[in-house]
Amino acid sequence: TLMVKEIARDHGRAPSLVGNALLIRVGFVAPSLLAVGLYVYLGHFHGEQALVIWIATAGMILALFTGPFQAAFQAIERMEYLAYADVLSKAVVTVLSIGLVLVGFGVVAVMVLVCVTTGVVMILNAYWSRSTFRVDWHLDRKQVRFLVMASLPYWTTGLVLTAYMWIDSVMLSVM
C-alpha cells in the first residue's frame, strides 16, 4: 500500500522503490527459511507433510518478490498486468490441479504446480515491468529505512487482521 501511494505520487520513483523493496525482501528470505525450518522441526512434521510445507514456503517466497512489481503496476495504472497475472495463475492452477487429481496425483504435485505457476507469474511481472520502468538495484539505505518505518502501520494492520482471522482455528485446535 505504501509503495502504491508513493509511486502514484511520483512515477519516477518506481525503479528505486521496487529495487529497494526487492532487496529488503531478499533480506527476509533467510530468517523466513529458518522460521519454517524451526516450525517443521518443532511440529514434528515428516515426509509428505514437511515436503508440502517447504514447497509452500518456496511458493510464498516467489510471491513475495512479485508484490513490488504489482504495487508499481497499480500505482502507474497498468492494471492489465495484475489482471493477466491473476487470471493466468488462477486458471492454470485450477484447471491443471483438477487434472492432476483426476489422474491420481496428490497434494505434493498440486503444491509443485502452484509453486511453478507462482514462479512463472513472478518472471512475467519482471518482464512486463521492463516496458514501463527498469528496476534500480542500488541499495539506498535512506529509502530502505523509509520503506521499513513507513510500512510499520500496514504490517501491524496485517498482523492483527491475520491473528483475528485465524485465532478461532488455534483456539479450537487447543480445545
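The following questions and answers go through a predicted model of one protein chain.

Residues are numbered from 1 along each chain as its sequence is written, and side-chain values use heavy atoms, with hydrogens and water left out. In this predicted model, local features need pLDDT of at least 70 and side-chain atom pairs count only at pLDDT 80 or more, while totals for chains, interfaces and linings use all residues.

Student: In what order do the elements of the protein chain run from the N terminus on?
Tutor: Helices (H or I, at least four residues) and strands (E, at least two) are DSSP runs, numbered from the N terminus. The protein chain has 6 helices and 0 strands. The order is therefore α-α-α-α-α-α.

Student: What percentage of the 175 residues counts as buried?
Tutor: Buried means under 20% relative accessible area, exposed over 50%, and partly exposed in between (1.4 Å probe, protein chains only). For the 175 residues of the protein chain, the buried share is 33%.

Student: How far apart are the end C-alpha atoms of helix 6?
Tutor: The expected span of a helix is 1.5 Å times one less than its number of residues. Helix 6 (residues 141-174) has 34 residues, and a straight helix would reach 50 Å. A kink of about 45° lies at Leu-152, shortly before Pro-153; the bend is the angle between axes fitted to the seven residues ending at a residue and the seven starting there. The end C-alpha atoms of helix 6 are only 43 Å apart.

Student: Where is the kink in helix 3?
Tutor: Helix 3 (residues 47-75) has 29 residues and reaches 43 Å between its first and last C-alpha, close to the expected 42 Å. The kink in helix 3 is about 30° and comes shortly before the proline Pro-68. Its place is Thr-66.

Student: Is Asn-20 buried or exposed?
Tutor: Asn-20 belongs to helix 2. Contact means heavy atoms within 4.5 Å, and leaving out residues up to four places away in sequence, Asn-20 touches Asp-136, His-138, Leu-139, Asp-140, Gln-143, Val-144 and Leu-147. Because its relative accessible area is 0%, Asn-20 is buried.

Student: Which residues of helix 6 are buried?
Tutor: The cover over the buried residues of helix 6 includes helix 1 (2-9) and helix 2 (14-42). An α-helix has 3.6 residues a turn, so residues three or four places apart point the same way. The buried residues in helix 6 are Gln-143, Val-144, Leu-147 and Ser-151.

Student: Which residues have the most contacts inside the largest nonpolar core?
Tutor: A nonpolar core is a set of buried Ala, Val, Leu, Ile, Met, Phe, Trp, Tyr and Cys residues joined through side-chain atoms within 4.5 Å. The largest has 29 residues, and helix 1, helix 2, helix 3, helix 4, helix 5 (107-129) and helix 6 each give two or more. A second, separate core has 5 residues, among them Val-36 and Ile-53. In the largest core, the residues with the most contacts are Met-3, Ile-7, Val-18, Phe-69, Phe-73, Phe-133 and Leu-147.

Student: What is the phi of Glu-77?
Tutor: Glu-77 lies in the loop between helix 3 and helix 4 (79-103). Glu-77 counts as exposed because its relative accessibility is 67%. Although Glu-77 is not a glycine, its phi is positive, at about 60°.

Student: Is His-44 buried or exposed?
Tutor: His-44 sits in the loop between helix 2 and helix 3. His-44 is not a glycine, yet has a positive phi of about 55°. Because its relative accessibility is 60%, His-44 counts as exposed.
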